[in-house]
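Hi,

Here is the structure I promised to pass on.

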Amino acid sequence: MNPADIPGLPPGVPEFLRESGIEALYPPQAEAVDAGITEGESLVASVPTASGKTLIAELAMLSSVERGGKALYVVPLRALASEKKAEFERWADFDVDVGISTGNYESSEEWLASRDIVVATSEKVDSLVRNGAPWIDDLTCVVADEVHLVDDPNRGPTLEVTLAKLRRINPDLQVIALSATVDNADEVADWLDAALVKSDWRPVDLRTGVHYGGAITFDDDSQREVPVGRGERPTAALVDDTLDEDGSSLVFVNSRRNAEAAARRLADVTADHLTDEERTELAALADDIEGVSDTETSDDLAAVVAKGAAFHHAGLAAEHRSLVEDAFRDRLLKVISATPTLAAGVNTPSRRVIVRDWRRYDGEFGGMKPLDVLEVHQMFGRAGRPGLDPYGEAVLLANDHDTMDELFERYVHADPEPVQSKLAREPAMRTHLLATISSGFARTRDGLLDFLDRTLYATQANDTTRLESVVDSTLDYLVANDFVDREGDEITATGLGHTVSRLYLDPMSAAEIVDGLREAEDPTPLGLYHLVCRTPDMYELYLKSGDRETYTELCYEREAEFLGRVPSEFEDVRFEEWLSALKTAKLLEDWTREVDEDRLTDRYGVGPGDIRGKVDTAEWLLGAAERLATDLELDCVVAVREAKKRVQYGVREELLDLAGVRNVGRKRARRLYEAGVESRADLREADKAVILGALRGRERTAERILENAGRRDPSMDDVRAEADADAGADGDDTTTDDRSRDTAGGQASLGDFE
DNA sequence: GCTGTCTTACTCTAGACAGCATGTC
DNA sequence: CTAGAGTAAGACAGC
């Protein structure tokens, strides 16, 4: 199909498409147009990654906007939201404005209302609906990207319920659902009253196969010799082989440690294939990466990057990730070894994809569990860059013939699993029933069931008794915790219930927090951190060997600080969870005692990205706790607010005022304080020479800070920095300080092995 | 005596959305 | 009680 033959587009778009090199639509795109996506028809497109799904969405959104409407593009990850926004901005010339709304990057309400296309995460959309954002009513088209994620036990129900709500708010809403190839796309289409386009077509040829005994055997029975030398690893041989053709590789492994170890080994392979120019560019990139964070992870990553390889997992700081992804896309990095994060994240295509580990540890399963076919296929889908690679190759690894046969059967020739609604799970029900009641979508039990009838769950379930019983027990729970009231048939949210729903808290988290705060007379920061860390909204840190003893001891030592009853050591599971939460809380406490990032990472066995994640979550939960305490008129409001601010800035109490000044973080605040500048007011009055000295002679920085502190004459012209008293020992003093404090308190820290 | 290879015992395990009000080194 | 790669440390051979 020729772009000019597409109906309903804004004038000029077909020409624009042709200028961007789109002479003819891909077959699935043409099918989608035939199904009427540019004329308001709904569609489920179940097609492989990189086969032009985005254009399908764009055509639908553009035509909807052309008819005077407004489109919403729903993504599963923040990183994807910014990626898509940047992509859609190419339509700016056609008077199509794009806005973005995620938890960390929020455009103002009025501004979003004026945008033609809004990109948001599913949770954010859910939240906007709960809070009654008026522009939601104006939507004419919604796109759900990666809709197969409705299968996800944690976040799937949010997407499912959100789509159901949007369709209820606007019955004429056009829905475009983009999915990986799944077994039961027809059920999804059924649910959404949409047409279905299902295709295996790909713009770049994809060959999948298994490497065993010195050769890859592909699905079409062809072979490619990739001999493995003595003492060489198959992965290295495969990466080397791709490099001989000037192609890049993506290696998927099953743990962070494996990703890092593999990158170290593969760096020796890539190092031999670099031009001098690449070496120079990589050295610069390595410098940038090292500068992102002062941690071992950062240094390790920089070391392999200098040689043309990288690792990628959720322990990396966000900047690390994007630097690595960008450099790989620019073909500067030759190989990335990654955990499954990368398969679900932003677009990072590669000539060859190597799925080294196809089993992953799963505690619930009690051992190594094979990856889902869908997951492996998502990894496969990263192979082959449209327009750049002649073909893509996806390879699994086998050590013996039996395994090779198994892999062919299990992954190469297998269809992905069907997606299955997880809505009937308790945690999902808790949250979504309360939200549904709170925002007035339903006022009775029948009303709730009627609403739930619009979900995928109802489409799939052949009898609704399970759903009814979960609804009933969940309602009981919500009533018992004073989130909803029941009078006869009438179900309404209480004030508390409304607040909880709008704060986007899991009701169980809210209940735990409310209980804890009610009994808190004079809560300590650790007590508050522990309270929020043990809610279901916080991922807990994993207890390592030795941690049990360490934190049991700490638990008794600081027993008085905990809010709520400490479970007995003999309630195994409960106590274990209590300790995990304590470990997380202790990480936060250390963070607010200004312990350095690198010490935190090795004390808690986490990466810089994990620290950021924990801090963010704690900040959010403490903010919610503050709001709950305010509404309930509890005395601890001030304590909670202070704990939140300390987590937010990562500082001790005395630095709160300083750290509140823009451009002053935990490090600068501490240096200023040591130099005698102890408050915002001091910043306005103190000797500039002292301030400049504390800021290590950075004039621009100092001027910006003074300006932000409200000083009348921020100029640093002619000011000479007073010598920094402890130059060279900076940063270390606080850590040493902290360590002696810990030891004095009798607490085991790293290096105490007794 | 040093170095590389093999053996063995032991360790550890993926991911990341959200409120609200403004801005790290 | 499940799996398998990584790792550190010791054993051993070869020079």
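To start with a question: which residues in α11 meet which residues in α12? L282, L285, A286, I289 and E290 in α11 meet S298, D299, L301, A302 and V305 in α12, where contact means heavy atoms within 4.5 Å.

Before the rest, some conventions. This is a predicted model, in which local features need pLDDT of at least 70 and side-chain atom pairs count only at pLDDT 80 or more, while totals for chains, interfaces and linings use all residues. Residues are numbered from 1 along each chain as its sequence is written, chains are lettered from A and ligands numbered from 1 in the order in which they are written, and side-chain values use heavy atoms, with hydrogens and water left out. Helices (H or I, at least four residues) and strands (E, at least two) are DSSP runs, numbered from the N terminus.

M429, L433, T436 and I437 of α17 make the contact with L448, F451 and L452 of α18. By class, this contact has 6 nonpolar, 1 polar and no charged residues.

Cores and a covered helix

The largest nonpolar core has 111 residues, of which L72, W135, L166, L517 and L628 touch the most other members. Such a core is a set of buried Ala, Val, Leu, Ile, Met, Phe, Trp, Tyr and Cys residues joined through side-chain atoms within 4.5 Å. Buried means under 20% relative accessible area, exposed over 50% and partly exposed in between (1.4 Å probe, protein chains only). Another core, of 62 residues, lies apart from it and includes V210, A236, V304 and L333. Leaving aside neighbours within four places in sequence, W135 is in contact with K70, L72, E109, L112, A113, V118 and L128.

Helix α33 (residues 699–709) has T701, A702, E703, I705, L706 and A709 as its buried residues. Their cover includes α30 (666–674), α31 (680–685) and α32 (688–694). Just after α33, G710 takes a positive phi of about 90 degrees.

Loops worth a look

Most residues other than glycine have a negative phi. D193, not a glycine, has a positive phi of about 50 degrees; it sits in the loop between α8 (185–191) and β7 (195–198) and is exposed at 60% relative accessibility. R331 also has a positive phi, near 65 degrees, in the loop between α13 (318–329) and β13 (335–338), and is partly exposed at 32%.

Finally, E364 lies in the loop between β15 (359–362) and β16 (367–370) and is exposed at 84% relative accessibility.

Best wishes

Definitions and conventions. Nonpolar A, V, L, I, M, F, W, Y, C, P; charged D, E, K, R; others polar.
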